[in-house]
Structures are given as structure tokens and as C-alpha cells.
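Dear colleague,

I am handing over the structure below for your attention. Please look through it first; my findings follow.

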Amino acid sequence: LEAYIGNAAIIKEARKLFGSKISLEHVSQMARNNNVKAIKFWGMVGEKLGLALSGVVNLLNLDAIVLGGGVACAGKVLFESVKQTISLRAMSVQAKRIRVFKAKLGVNAGIIGAGYLVKERLAKGNRFNNFRQFSLLGSVLAFIFLSANLIFAEENKESPMIINGDN
């Protein structure tokens with residue numbers, strides 16, 4: 001999945017279209033300024049992400065997906081494309097009930113998760129046996145933090161991005 005729609009793959013595509021010095025933040029800003037090429041780019045990224053997530057939605061029968069990190073900062077054009085692709089590709093029952101949220105922690109979720117993991121392990125007097133163990137546990141904890149963002153979004157009554165058109 002990382003090779004297909006991960007950050008490195010997205011940057012590689014962006015640099016093919018916009019030049020070698022472009023950043024994803026700049027492409028996002030261009031899309032917010034109604035640059036047609038940037039809007040199409042984020043739509044394509046959202047379609048790829050939605051396609052990958054459709055299989056996950058079908059397999060796990062999820063209630064919600066929380067997207068975080070720098071890519072989620074692309075904004076509405078990305079989320080709309082993800083929603084549309086999931087609604088077309090996922091099984092109809094799952095597609096109607098799945099909600100897609102932007103993580104409140106955004107690009108900092110992984111860092112916060114890793115920091116929390118270190119704090120907890122050290123507070124218990126545990127040590128990491130190797131970097132791989134630290135990295136894996138940090139990734140799992142970051143995922144949990146991203147999932148927890150859904151709770152915060154609902155508690156704060158923020159509008160989720162709902163796939164079935166209720167939004």
C-alpha cells in the first residue's frame with residue numbers, strides 16, 4: 001500500500017507533473033487557489049486512496065475511517081475523491097454507513113504516538129530491546145491515536161465527511 005499510495009509515491013507523481021522542487025504542501029495550496037492541474041492531481045490521489053480503502057471497508061465492515069498526516073491537509077478535493085471512490089467501489093451496505101474524518105492531530109499523530117509510547121514504557125521501567133520493536137509499537141500506537149481522533153471529532157460535534165451524501 002505504501003508503494004502504491006504512500007507519501008513517497010505521491011511526491012514522485014507530484015514532481016512528474018509540477019517539477020522536481022515541488023512540495024505536497026505547495027500542491028495543496030495550489031489546489032486551494034483553484035489550480036486545475038493541482039485539483040486533478042489531488043483527485044487522482046483521492047481516487048487511489050479510496051480504491052485501497054474500499055477493500056479495507058469491505059473486509060472489516062468499518063464504521064469510520066480517520067485520515068491523517070500531511071496528505072489529509074490536501075483538503076476537500078482529496079476527501080471528496082476518497083468518498084466518491086469508496087461509494088462506487090465498496091459494497092453498498094458498507095459504502096452507505098462508512099464515515100471519513102480528518103484526524104485532529106494531523107501531521108503530528110505519529111510523533112505524538114511515538115512520544116507517548118516512550119513515556120509509557122519508561123514510566124513502567126521497561127526498555128526497548130531494539131529500534132524495530134520501538135518503531136512497530138510506535139506505529140500501532142499512532143494508529144490508535146488517529147482512531148481516537150474520531151471520538152474527539154464526534155464529541156466536538158464536528159461534521160464528519162459522510163459518504164452517503166448526508167453531508
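This is a predicted model: local features need pLDDT of at least 70, side-chain atom pairs count only at pLDDT 80 or more; totals for chains, interfaces and linings use all residues.

The chain as a whole

The protein chain has 167 residues, of which 35% count as buried. It contains 8 helices and 3 strands. Read from the N terminus, the order of the elements is α-α-α-α-β-α-α-β-α-α-β.

The nonpolar core

The largest nonpolar core holds 29 residues, and the members that touch the most other members are Phe41, Trp42 and Leu67. At least two residues of this core come from each of α2 (7-18), α3 (24-32), α4, β1 (64-67) and α5 (76-89). Helix α4 gives the largest share, with 7 residues. For Phe41, the contacts beyond its neighbours within four places in sequence are Ile10, Glu13, Ala14, Leu17, Phe18, Leu24 and Val27.

Helices α4 and α5

Two packed helices are described by the angle between their axes and the distance between the axes. For α4 and α5, the axes come within 7 Å and cross at roughly 40°. Because of that angle, α4 counts as oblique to α5. Their crossing is right-handed. On the side of α4, the contact is made by Ile39, Trp42, Gly43, Val45, Gly46, Glu47, Leu49, Gly50, Leu51, Leu53, Ser54 and Asn58. On the side of α5, Val77, Leu78, Ser81, Val82, Thr85, Ile86 and Arg89 take part. By type, the residues of the contact of α4 with α5 are 10 nonpolar, 7 polar and 2 charged.

Helices α3 and α4

The axes of α3 and α4 also come within 7 Å, and they cross at roughly 115°. This crossing of α3 and α4 is left-handed. Leu24, Val27, Ser28, Met30 and Ala31 of α3 meet Ala38, Ile39, Phe41 and Trp42 of α4 in the contact. These residues divide into 8 nonpolar, 1 polar and no charged.

Single residues

Ser54 belongs to helix α4, which covers residues 36-60. Is Ser54 buried or exposed? Its relative accessibility is 2%, so Ser54 counts as buried. Residues up to four places away in sequence aside, Ser54 touches Thr85, Ile86, Arg89 and Ala90. Of these, Thr85, Ile86 and Arg89 are among the residues of α5 that make the contact with α4.

Gln94 sits in helix α6 (residues 92-97). Gln94 also counts as buried, because its relative accessibility is 11%. Which residues does Gln94 touch, not counting those up to four places away in sequence? They are Val57, Asn58 and Asn61.

Gly75 lies in the loop between β1 and α5. With a relative accessible area of 22%, Gly75 is partly exposed, since the buried class ends under 20%. Gly75 and Lys102 are 27 residues apart along the chain, and their C-alpha atoms are separated by 8.9 Å.

With kind regards

Definitions and conventions. Residues are numbered from 1 along each chain as its sequence is written. Side-chain values use heavy atoms; hydrogens and water are left out. Helices (H or I, at least four residues) and strands (E, at least two) are DSSP runs, numbered from the N terminus. Buried means under 20% relative accessible area, exposed over 50%, partly exposed in between (1.4 Å probe, protein chains only). Contact means heavy atoms within 4.5 Å. A nonpolar core is a set of buried Ala, Val, Leu, Ile, Met, Phe, Trp, Tyr and Cys residues joined through side-chain atoms within 4.5 Å. Axes are lines fitted to C-alpha atoms, for helices over the stretch in contact, and angles run from 0 to 180 degrees between N-to-C directions. Angles under 35 degrees count as roughly parallel, over 145 as roughly antiparallel, 65 to 115 as roughly perpendicular and the rest as oblique. A crossing is left-handed if the near helix is turned anticlockwise from the far one by less than a right angle, and right-handed if clockwise. Ala, Val, Leu, Ile, Met, Phe, Trp, Tyr, Cys and Pro count as nonpolar, Asp, Glu, Lys and Arg as charged, and the others, Gly among them, as polar.
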